[in-house]
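Hello,

Here is the structure I said I would pass on. My notes follow it.

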Amino acid sequence: MKTKNMNLWALLWAILGMLYFFVPLYGTFDFSLRMKKGVLSFLAYQVVLSDPQFLASFRYSATMGIITVIASVIIFLPTVYWIYIRLPQARPVVEIISILPFIIPAIVFVFGLIRTFDRPPLELTMTPTKTDILITMGYIILSMPYMYRAIDVGMRSIDVRNLTEAAQSLGSNWFQILFNVILPNMRIAVLSGALIVFATVLGELVLGEFLVRPALGPYMVDVGRDEAYQPAAMALMAWGLTWVCLGLISIFGRGNTSEQLTGR
Amino acid sequence: MAETSIPIKSSKVADRSYTFDSLKNWVGVLPFFLFILIFLILPSTNLFIGAFQDQGGHFTLANVGIVLSDPFVYDAYVTSLKISVITSIAGGLFGFFVAYAITIGNAPRWMRGILMSFSGLAANFGGVPLAFAFIATLGCTGFISVFLNQICFSSPAGIRTCPFDIYKAGFNLYSLAGLTLCYLYFQFPLMVLTIAPALEGLKREWREASENLGGSSVQYWWNVALPILWPSILGSSILLFASAFGAYATAQALTGGFINLVTILIGDEIRGDVLNNPNEGYALALGMIVVMAVCVAAYTILQRRTVRWIKS
């Protein structure tokens, strides 16, 4: 009798949890279909997807996402590698630094970034190209906890020292060791990090809004201010995209995703 | 979330730590530290220094004093703290029970799989789309609002009453209450993700030992399970608190910036200096970092206490 009661109690909470997940999701879906009065249609999705501004901002954010991923790997991979083979005593410091973006709220970080670089000597907010450089640096910092951790986890799973010695004895230089030997051996970890970083950049609002670049986040806020049905459609598409990214990660990583995803 | 570092096999290279060689070793991490210094430390330090300077660049404590005494700023901090505390407690409790249900509570297996993977998804689903989803669901013409609104009764006298009009009943999504509901959507999954491992670490033997000694279910939870779990529960709640406290995008997209949160206020300050001088803005931002730093310190301490039990 006792165990049966416990089951009901657990069942109740499980059902409540499922309701909290699915009701807004279904509500959004239902709402997004009602753009044309009286009939259910995918009109809202068509409107969003054919809006040239949407396509432009999506292209901008996607490009930024890819650049951020590549730049993050170039910065963090040699660092983590070096810490593994030469400088284990630096690990605690670097680990703390890598989670700093979780501690400093994005809005505070952007505030500091703008107030530091909008004046001479660099004046990085003056031209679009310069601002794009600054925003890339911002994206790299904001997504650092994910990328650093992904690379760190990947490096932990391979035998860095033996791979290095093998490559060295075959005459590789440092660049070849890193990008032809180490990186391919941990491509799954790097790939899952890349997907999270990409998703983060796509959904990022603060940097795009305050550095005034045509990113996806500010575009969505603008549409949300003026329209009713397109935002619902976009929310659902964003949901789908996150789902695809996380799905790919769990396929690659065989279910090890939760540890990388706890921080936001 | 950060695991403790694994011991590294000491290498001959690392052991040969002559001063020159060990200095040379740091060269490899120099680009990283330079990058961090320029794009993370420098901006943060600038805010920090700016908070203690007047507009002429002289040292002063006035900014901090003005920020602390400004009723508008005070109100922003109160609202931010309020929503963070409420969502971390409510989300923490809800998340705890859901995590309980899918770990040791024996909820049906298919539900466990769905809840666990949806937690990973929802914990990462924040920002603007989340606000849109809730507007579509609970906004004035949202799915639930309309659905409840349509439940009407006709009285014998011919008067139709619709008792479930939530907006007439005083609910407003674009308010603190609405924002709380939004935040809960990523808060409780975050709790599920962080507390589930701790719940799985509860040993069956402890429960059996408690039952053999005649302990009731309540006694087991109160005297055995909770004392073991409380560092994890508190640590996870701090994580929830911090994630709500620093959130900007959801609040901005939901209320259009009309809710007075610290993050929104800093956003206004960046756009066009709403405070008297820019240095007050720095003091405002510094306050956020102080709150977050306290959270992290508390989290780290609690994390250490947790690891001891869960690993044993």
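Notes on the model

In chain B, 69% of the contacts between residues at least 6 apart in sequence join residues at least 24 apart, where contact means heavy atoms within 4.5 Å. This is a predicted model, in which local features need pLDDT of at least 70 and side-chain atom pairs count only at pLDDT 80 or more, while totals for chains, interfaces and linings use all residues. Residues are numbered from 1 along each chain as its sequence is written, chains are lettered from A and ligands numbered from 1 in the order in which they are written, and side-chain values use heavy atoms, with hydrogens and water left out.

Chain B has 312 residues, of which 46% count as buried (under 20% relative accessible area; exposed is over 50%, partly exposed in between; 1.4 Å probe, protein chains only). Its secondary structure consists of 14 helices and 2 strands (DSSP runs numbered from the N terminus: helices H or I, at least four residues; strands E, at least two).

B:Leu34 lies in helix H3 (residues 30-51) of chain B and is partly exposed, at a relative accessible area of 48%.

For chain A, the mean pLDDT is 87, and 93% of residues reach 70 or more (pLDDT is the predictor's confidence in each residue, from 0 to 100). Confidence in chain A is highest in helix H3 (residues 52-85), at a mean of 94, and lowest in helix H14 (residues 258-261), at 40. Residues 255-264 of chain A have pLDDT below 50, and this stretch has 31 contacts in the model beyond near neighbours in sequence. Where pLDDT is low, the predicted coordinates should not be read in detail.

Regards
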